[in-house]
Amino acid sequence: MPRFSVIVPVYRVQAYLHECLESVLTQSFMDLELVAVDDCSPDACGEIIDEFAARDPRVRAVHLSENRGLGAARNAGMAQASGEYLLFLDSDDTLTPDALWAIAARLKETGDPDLLVYDFARTDWTGRAVRDDVTGPLSQDGPAPFRLADRPGLLRVLMVAWNKAYRRDFVRREGLAFPDGYYEDTPWTYPALLAAGSIATLDRVCVHYRQRRRGSILGTTSRRHFDVFAQYDRVFAFLDRRPDLACWRPVLFRRMIDHFTTVFTRPGRLPRGCRAEFLRRARTYYRRYRCPGARPGPRPRLRHALVRLGLHRTFRLLRLAMTLRRRAAKTVLTALLALRAALLRAHYRIQLCLPLREDRAVFAAYWGRGHGCNPGALEAAFREFAPHIRTAWAARPGHHGTLPPGTRPLTWGTAAYWTALARSKYLVNNVNFDRRLVKRRGQVFVQTQHGTPLKHMGLDLQERPAAARGMDFAELLRGVDKWDYVLSANRHTTLTWERVYPGRYTTLEYGYPRNDVFQRATPQDVAALRASLGVPDDAVALLYAPTHRDYRRTQRPALDLERLARRLGPRFVVLARAHYSQDGPLTRAHDGPVPDGPATHAPEAPDQGAAVPGGRVIDVSAHPSVESLCLASDVLLTDYSSIMFDYAGLDRPIVVYADDWEAYEAARGTYFDVRAHPPGAVARTPDELVGILTGGHWCGSRSARSRAAFRERFCPYDDGRAAERVVRHVVLGQTDEASGLPPVVPLAERRPVPSRAATAQAPSRLATVPPPAGPQSVTEKH
């Protein structure tokens, strides 16, 4: 008997069916059967099912002699199913990688409940996946399994069949079956949740729910939407048969009325001329099933009243009034914003006529984000080495909490922000300020940049449309003309910046200020950072920090980090850091390749203690300081991110995961092949990556030699005093050692703070070698 029976009803989805079936058959958990039911589909779906059944014995093909609808097709699949648990999957949707493994693990952990509810992500026709916004009821905190009465919020989760796993014995005992008609999930899911003696939840995206641009059944205009009434007759008939569940009648009554109003108000469902009839039927059902305690809350009270009275025209007039109100509010808001912008422009022009303030400096980073990166380190250095300069930081409101004491906060785009830009002598940023900035005579703009370039930048993107994404190169050069100083960490960066950002600025090849902390931090600082992140003292902390992919519309994670953590074992903890331009963490909705070799047998569900990696995968995307994350980690795992150049200054192991180098290089362009000049071990496949990390190659002598050569090439000035050198040069006028500029500490004499693993288990854990004796050049492609 297989653990799972995945039932897939199929009708007119030949374009999506291959992807759906493959998502099931390629699961890492293989103890399953796939029951594909051809509902007499007129296209090639039946043939596709037969092809899959011929090549995989786990596929059972069922062909119906006539089209009977989704509910009947699911019933036919259940009749053929033999698994312990039933899962339903619509034939245009897909399972996420490792979904069945996670489901099996959670079922075992919670003692095989009657029902397991898991999460999903909506995937639109562009490929963008968005997790369902009702995730609170799926929390795995608290006792499990439980009854619905213990967590009634589960009724707010989308009432569909395919986001749950059902124990087959429970389904048979309760006599659950799908009815005919539209909204067939309603009289299935409500009875299943109410009757279940034990329920568990899995807070993980297991299904990608495709939002098709055209062709959705519920998106078609038809009188069949009237089927919703018969479906609720079935729901309340179930309650009539189960007096012990009568307490749920008020809740289901309110859910029913909400459902009716959704069908009524959703455009494109009810045919023209049927809307009044629909509302009259809804009024009948309101009176039929109303019961004590069914009074709705304040927000839906008006809608319920209109259904109760059956006021079709009143309903339409109110909806029209609300639409007009929203449009009027939008118009007024647009006018107010335009007026505000005009007033701010006038204010800025007035401020430009006033004298500069020689003792003021304005800092910002990443288009209004919080305190950090090179500007953050320079702001601290201004307060230390030029205390007569008053500093201010421009950030959007949500980032003001990152500012240190003594720094004046400025809200991006306000009058105070424009006043500071107009009258402060020093402007410091790692990108540009607003393009409307007027560079005044006497102002000093320090462009810190934010990394050593591996990928093409600036004017080199003119031949890379996928990466440039409509960049205005004339505007780019106008911004460059405002720069007075540009920071550089090495000769490679200097040569690149001066070519791709041509201007009259002065390059300060002093190192990157943000890396000073690597030389100044103490082992106690490292221990405190690890404790704040929840990293066990004896664990190897792996910082995973991938870069942005210009050739992808959606930034899909290249690795399933939970699965990687399982394969690495309890010795490792993964700190997952998403790129700052990525929307969302790296630990949700995994749908990329995963680090697992081909399975030769059906793996068992993991032991209860290893069911979920838990604290071994920690999302740190929202952490304000990437430098702190580097200090807390023992090894960096990245692809082509510039973080590798900064991390090399720590002299800690680096592993490069270059699984799509050719595609990345073709879309973005690179200045050298990181695989030929790596900072450590290089993995090209998931299995190679696991082998490197579990076999110790990541911290071996060969990796250390590569890292030493990389450090000499790209970290010649990162000695802990870069920020001081910049401030002394720009503010105090000390341009050489004779005038007081600190000399650069030779690479061999630097002592960056060691990692926790290196401190705890010194030379055996992390190998180091002396730096190479002579300089080595990097071949650059232009």
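Colleague: Is leucine 343 buried or exposed, and how is that decided?

Modeller: Burial is read from relative accessible area: buried means under 20%, exposed over 50%, and partly exposed in between (1.4 Å probe, protein chains only). Leucine 343 has 55% relative accessibility and therefore counts as exposed. This residue is found in helix H11 (residues 312–352); helices (H or I, at least four residues) and strands (E, at least two) are DSSP runs, numbered from the N terminus. The model is predicted: local features need pLDDT of at least 70 and side-chain atom pairs count only at pLDDT 80 or more, while totals for chains, interfaces and linings use all residues. Residues are numbered from 1 along each chain as its sequence is written, and side-chain values use heavy atoms, leaving out hydrogens and water.

Colleague: How many residues of strand E13 are buried?

Modeller: In strand E13 (residues 424–429), 6 of the 6 residues are buried, so the strand is largely enclosed by the rest of the structure. Two strands pair if DSSP finds at least two bridges between them. E13 runs parallel to strand E10 (residues 357–364), joined by 5 bridges, and valine 362 stands opposite leucine 427. E13 also runs parallel to strand E14 (residues 444–447), through 4 bridges; there, tyrosine 426 has valine 444 as its bridge partner.

Colleague: In what order do the 6 strands of the open sheet lie?

Modeller: The order is E19-E18-E17-E20-E21-E22, with parallel pairing. Strand E19 (617–619) and strand E22 (681–683) are the edges, each pairing on one side only. Neighbouring strands are turned against each other by 20° on average, direction ignored; axes are lines fitted to C-alpha atoms, for helices over the stretch in contact, and angles run from 0 to 180 degrees between N-to-C directions. Strand E21 (residues 654–657) meets E22 over 3 bridges, and valine 656 has valine 682 as its partner. Helix H19 (residues 561–568) lies across E17, E18, E19 and E20, at about 160° to E18.

Colleague: Which residue does arginine 3 form a salt bridge with?

Modeller: A salt bridge is a side-chain nitrogen of Lys or Arg within 4 Å of a carboxyl oxygen of Asp or Glu, and the structure holds 45 of them. Arginine 3 pairs with aspartate 112, with the closest N and O atoms 2.7 Å apart. Arginine 3 lies in the segment before E1 and aspartate 112 in the loop between helix H4 and strand E6, so the pair ties together parts that are 109 residues apart in sequence. Arginine 3 is buried at 11% relative accessible area, whereas aspartate 112 is partly exposed at 30%.

Colleague: Where do the partners of the salt bridge between aspartate 98 and arginine 566 lie?

Modeller: Their side chains meet at 3.5 Å, N to O. Aspartate 98 is in the loop between strand E5 and H4, and arginine 566 is in helix H19, 468 residues apart. Aspartate 98 counts as buried, at 2% relative accessibility.

Note on methods: Contact = heavy atoms within 4.5 Å.
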